[in-house]
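Subject: The structure we talked about

Hi,

Here is the structure I promised to pass on. Have a look at it first, and then read my notes below.

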Amino acid sequence: MMMPFKRQALVEFENVDSAKECVTFAADEPVYIAGQQAFFNYSTSKRITRPGNTDDPSGGNKVLLLSIQNPLYPITVDVLYTVCNPVGKVQRIVIFKRNGIQAMVEFESVLCAQKAKAALNGADIYAGCCTLKIEYARPTRLNVIRNDNDSWDYTKPYLGRRGCCWLMLNFLKEAHFENVLLLKLIVYIRGKGRQRQAILGEHPSSFRHDGYGSHGPLLPLPSRYRMGSRDTPELVAYPLPQASSSYMHGGNPSGSVVMVSGLHQLKMNCSRVFNLFCLYGNIEKVKFMKTIPGTALVEMGDEYAVERAVTHLNNVKLFGKRLNVCVSKQHSVVPSQIFELEDGTSSYKDFAMSKNNRFTSAGQASKNIIQPPSCVLHYYNVPLCVTEETFTKLCNDHEVLTFIKYKVFDAKPSAKTLSGLLEWECKTDAVEALTALNHYQIRVPNGSNPYTLKLCFSTSSHL
C-alpha cells in the first residue's frame, strides 16, 4: 500500500520470517530506490486491509473520497468531472477545504466507482502536482443543495444555479481520455527518466474571467520533473499570489485566512508563525486570539496559499503540540483586542510589506520549491564566513535541537553567500529549528548590513 504524501509504503509478506529477513538485510546493506536510500522497519499494522474488493461488484461504495495532494492549481467540480466522468458516470460532486483539499464524488454505480479508483488513484491531474489519493467514502449518497464551483448535482443541472460556468470543453481539448484506463497499470517511483502521466497536461489551459482568471495569473509548470543533480533540483513554478493585497485594492479574496490552533504559548509568537507559514505563500497579517489561547489567525496573500498551508501543516507536531490548521470563516484579520504574548511581543503583526515574503513577484515565486515538512532543511543567503559551528551555536542559542548532518554547496568564485543542507534526527526537530531560526539576522564583523538566513524544507529526504 503506497502512502506517497508521507513517502512511505506498507509491504505485507507471506510470513514473519520473510519480513525479518527484509529488515535485517536493509540494516546491513543500504537499499536504494530511484537513487534514494530506502529505510525498512516493522509496522504496527499486522496486515494490509483494503476498504473493499475492487473485483467484486458488491464491495466498496459508489461514493469515493478524493484527497488532492500538492494542490498548486484550483480544483473545481468542472476539473473533477472532467477527470472522473470518462471512467465512470458521475452523478454528484462535493468539494470541501477544511483539512486540505478533499472531495467526494458519487458515481452511478459501485462498479463505476471501483473502475475510477483503480484507474485514477495516485495519478496527477496536472504535471507534478494535484495528485489524487482515492479511498471509499463513508456516505453512500451525496446531498447537494446548489450547483456551483464546490458542489454539483449532474442529475439536476439547474439546481440553485447562480451563474456558474462550464470549463469542461476547455479541459477536454487538452485531455486524452482514451488512455485514462491505462493509469491503473502505472506504478510510480520518482527517479531520473521516469515521469508520472498527468491527466490534464502540465497546467490548466484556460484562465478566463468566468473560470480561473478571476484568481490571478498562474506560472506555467516546467516541461520535465526530474532531478538535474542530486543536490540541485530543477525549480518548480507555483501560482502567483493575488495582487489584491489589502493595501492595494481594499479587499481580500474569499478564504484567504487560515486559523491555526495548538501553538505553544511560551515558544510561539507572530514572527515564528510567519517563519513557518511563509513557505507556502505571502503573509499579510498574524493575530493571536485572546479568547482562545494558543490559537492564531493568519491572513495570507490568496486562497491557494491557504490551501497549501492547510495541506502541508495540518497535524504537524511543533514544540510538543500538534497543529490544527484549517480555513477560517474570517475574510480578513482585524487588529483588535491586541495584547502581550508570554514572550513580551505583540499578539498582532502586519507583514504585508515584509521583504521576507517569498511570493511577491513572478521571479520570486518561481524559485520557491514548495515541500511538505521533512527532516532536511535547505539554507541559503548566509555569508561566506558561516561554518557548521555557527549553525550549532544558533541552535543552542534558540533552544532547539541541533542537526546531525551538515553540508555546504560549492560556491562560485564570485559568490557572496553560501547555501547547503542541514539534517535533523526527525521531522519535528527540523520544523522547530526552521520556526525558530528562519530569517535570523547574521551580522558580519565590519559589515554594513546583516544577512537574513533563509530556510525551507528540502526535496532531499536524507544527506
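Before going on, some ground rules. This is a predicted model, so local features need pLDDT of at least 70 and side-chain atom pairs count only at pLDDT 80 or more, while totals for chains, interfaces and linings use all residues. Residues are numbered from 1 along each chain as its sequence is written, and side-chain values use heavy atoms, with hydrogens and water left out.

Back to E106. You'll find E106 in strand β7, which covers residues 101-107 (helices, H or I with at least four residues, and strands, E with at least two, are DSSP runs numbered from the N terminus). E106 is buried at 1% relative accessibility; buried means under 20% relative accessible area, exposed over 50%, and partly exposed in between, with a 1.4 Å probe and protein chains only. Leaving aside neighbours within four places in sequence, E106 has contacts (heavy atoms within 4.5 Å) with several residues, including K62, R92, T140 and L142.

Two of those names come back in the salt bridges. A salt bridge is a side-chain nitrogen of Lys or Arg within 4 Å of a carboxyl oxygen of Asp or Glu, and the count comes to six. In one of them K62 pairs with E106, with the closest N and O atoms 3.5 Å apart. That pair links distant parts of the chain, since K62 sits in the loop between β4 (36-38) and β5 (63-69), 44 residues from E106. K62 is partly exposed, at 24% relative accessible area.

E106 also forms a salt bridge with R92, where the closest N and O atoms are 2.9 Å apart. R92 is in strand β6 (residues 90-96), 14 residues away from E106, and R92 is buried, at 6%. R92 in turn meets D153 in a salt bridge of 3.1 Å, N to O. D153 lies in strand β10 (residues 151-153), so this pair ties together parts that are 61 residues apart in sequence. Both R92 and D153 are buried. Put together, salt bridges that share partners join K62, R92, E106 and D153 into one network.

What about disulfides? A disulfide is a pair of cysteine sulfur atoms within 2.5 Å, and the count is zero. For C278, the nearest cysteine sulfur is that of C456, 9.6 Å away. C278 is buried, with 0% relative accessible area. The sulfur of C426 is 8.1 Å from the closest one, in C375, which is too far for a bond. C426 is partly exposed, at 31%.

pLDDT is the predictor's confidence in each residue, from 0 to 100. The protein chain averages 78, and 77% of the residues score at least 70. Where pLDDT is low, the predicted coordinates should not be read in detail.

Cheers
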